[in-house]
Amino acid sequence: MPTTTRASIIRQSPGEYETVTLELDDPKKGEVMVKLAASGLCHSDDHLQTGDLQVMTYPFCGGHEGSGVITKVGPDTPGFEEGDHVVFSFVPSCGQCMACRRGDFNLCDKGALLLVGSRADDAEDFRMKLDGQNVGQMCGISTFSEYTVADVASVIKIDKDIPLKSAALVGCGVPTGFGTAVKAGDVKPGDVVIVMGIGGIGINAVQGAAHAGATNVIAVDPVPFKREMAQEFGATDVFEDMEKATEFAQSITQGQGADVCLITVGVLKPEHPAQGLASIRKGGTVVVTGLGSMTETTPISAFDLTLMQKRLQGAIIGAQSPHSDIPKLLRMYQAGQLKLDELITKEYTLDQVTEAYQDMHEGKNIRGVIVFD
């Protein structure tokens with residue numbers, strides 16, 4: 001029999017989240033049911049409210065960064081049992097597809113239907129229902145729900161002594177930001193790095209760049225609170241706009257510019273990649289992690305890109321391998337090498353999702369977190 005769960009859904013985009021009661025299928029083979037402990041409020045779910053991100057199924061249940069405890073295990077699903085503590089990865093890794101076999105686990109083929117919200121192997125098969133109507137799951141997991149069912153390709157077991165509230169953040173914001181610096185950006189000791197946008201992703205790009213040994217980590221954000229927070233997480237210099245940050249980077253590199261620019265803004269605008277390319281030296285790298293409207297394109301100088309041999313790199317989950325890199329990040333947290341607890345600015349209930357995103361837009365939060373009973 002289906003389980004009922006309170007969850008936050010959006011009926012259309014643009015629109016607003018509302019809390020409803022859904023029916024949730026029992027897990028099938030290769031799936032588990034999880035009682036959520038916490039869910040991070042990532043900007044990507046807000047893109048549903050604004051209309052920047054369009055999905056294929058409405059209603060759609062939000063949330064893609066969370067942690068919890070397994071309550072049911074599907075048949076013939078070895079390696080998992082009731083009571084296991086887990087975090088979700090918003091991108092699955094099957095380990096079998098061509099992308100996984102070449103080592104690009106974050107580009108797994110099982111991610112093809114993430115914005116449909118169905119099971120990964122059938123676009124007509126949904127785990128959630130509202131009065132008999134299919135409800136899509138954000139990234140196949142939907143952490144804005146008291147209970148959820150997910151494919152084990154998106155589920156990672158963790159030590160039971162790790163606080164679930166903090167562990168939730170390694171499902172998206174932490175690996176995305178950290179990996180943007182250390183993997184996609186390949187930051188090296190002694191580098192000069194610019195981080196454009198200090199939210200839930202950018203703050204972890206700052207952590208990543210500092211951990212990688214960058215001599216200067218230059219944080220850029222118009223909000224004073226976020227610039228202050230950046231300094232607590234490893235930023236050496238802060239500016240309110242890219243023009244000033246670029247001038248500073250050039251002033252300390254004999255006019256060359258930064259080695260790496262990491263674009264982690266909450267809403268990507270067409271001008272941001274061009275600003276990033278203008279800020280870096282010959283042979284430098286710009287990594288674009290922020291999301292904007294699905295219909296916008298960006299104008300850049302092909303002349304500068306080619307003749308200055310610059311690199312413009314996209315990154316999903318920071319080019320990290322979820323099933324191996326997320327446990328590493330948690331070990332760093334346990335060893336005191338990575339800040340997680342300090343990322344949480346404010347806690348919310350499931351009924352406060354819209355309020356939480358209003359706070360985010362007003363620059364009040366680095367990361368808001370839903371805490372479940």
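Q: How many aromatic pairs does the structure hold?

A: The structure holds three aromatic pairs. Rings of Phe, Tyr and Trp (its six-membered ring) pair if their centres lie within 6.5 Å; planes under 30 degrees apart count as stacked, over 60 as edge-to-face and the rest as tilted. One of the pairs is Tyr17 with Phe144: the ring centres are 5.6 Å apart and the planes stand at 75°, so this pair is edge-to-face.

Q: Where in the chain do Tyr17 and Phe144 lie?

A: Tyr17 is in the loop between strand E1 (3–10) and strand E2 (18–24), and Phe144 is in the loop between strand E8 (133–137) and strand E9 (147–151). The two residues are 127 residues apart, and the pair links distant parts of the chain. Helices (H or I, at least four residues) and strands (E, at least two) are DSSP runs, numbered from the N terminus.

Q: What kind of model is this?

A: This is a predicted model, in which local features need pLDDT of at least 70 and side-chain atom pairs count only at pLDDT 80 or more, while totals for chains, interfaces and linings use all residues. Residues are numbered from 1 along each chain as its sequence is written, and side-chain values use heavy atoms, with hydrogens and water left out.

Q: Which peptide bonds are cis, and what is the phi of Gln254?

A: Most residues other than glycine have a negative phi, and most peptide bonds are trans. Here the bond from Ser13 to Pro14 is cis, with omega near 5°, and Pro14 lies in the loop between E1 and E2. The bond from Tyr58 to Pro59 is also cis, with omega near 0°; Pro59 is in the loop between helix H1 (43–50) and strand E4 (60–61). Gln254 has a phi near 55°, a positive value in a residue other than glycine. Gln254 sits in the loop between H7 and strand E14 (258–263).

Q: At what angle do helices H4 and H5 pack?

A: Two packed helices are described by the angle between their axes and the distance between the axes. Helix H4 (residues 173–184) and helix H5 (residues 202–211) pack at about 40°, with axes 7 Å apart. Axes are lines fitted to C-alpha atoms, for helices over the stretch in contact, and angles run from 0 to 180 degrees between N-to-C directions. H4 is therefore oblique to H5 (under 35 degrees is roughly parallel, over 145 roughly antiparallel, 65 to 115 roughly perpendicular, the rest oblique).

Q: Which residues of H4 and H5 make the contact?

A: Contact means heavy atoms within 4.5 Å. Gly173, Val174, Gly177, Phe178, Ala181 and Val182 of H4 meet Asn204, Ala205, Gln207, Gly208, Ala209 and His211 of H5. By class, this contact has six nonpolar, six polar and no charged residues (Ala, Val, Leu, Ile, Met, Phe, Trp, Tyr, Cys and Pro count as nonpolar, Asp, Glu, Lys and Arg as charged, and the others, Gly among them, as polar).

Q: How are H7 and H8 placed, parallel or perpendicular?

A: The axes of helix H7 (residues 242–251) and helix H8 (residues 271–279) come within 9 Å and cross at roughly 15°. H7 and H8 are therefore roughly parallel to each other. Met242, Thr246 and Gln250 in H7 meet Gln275, Gly276, Ala278 and Ser279 in H8. The contact has two nonpolar, five polar and no charged residues.

Q: At what angle do H1 and H11 cross?

A: The axes of H1 and helix H11 (residues 353–361) come within 11 Å and cross at roughly 100°. H1 is therefore roughly perpendicular to H11. His43, Asp45, Asp46 and Gln49 of H1 contact Thr354, Tyr357, Met360 and His361 of H11.
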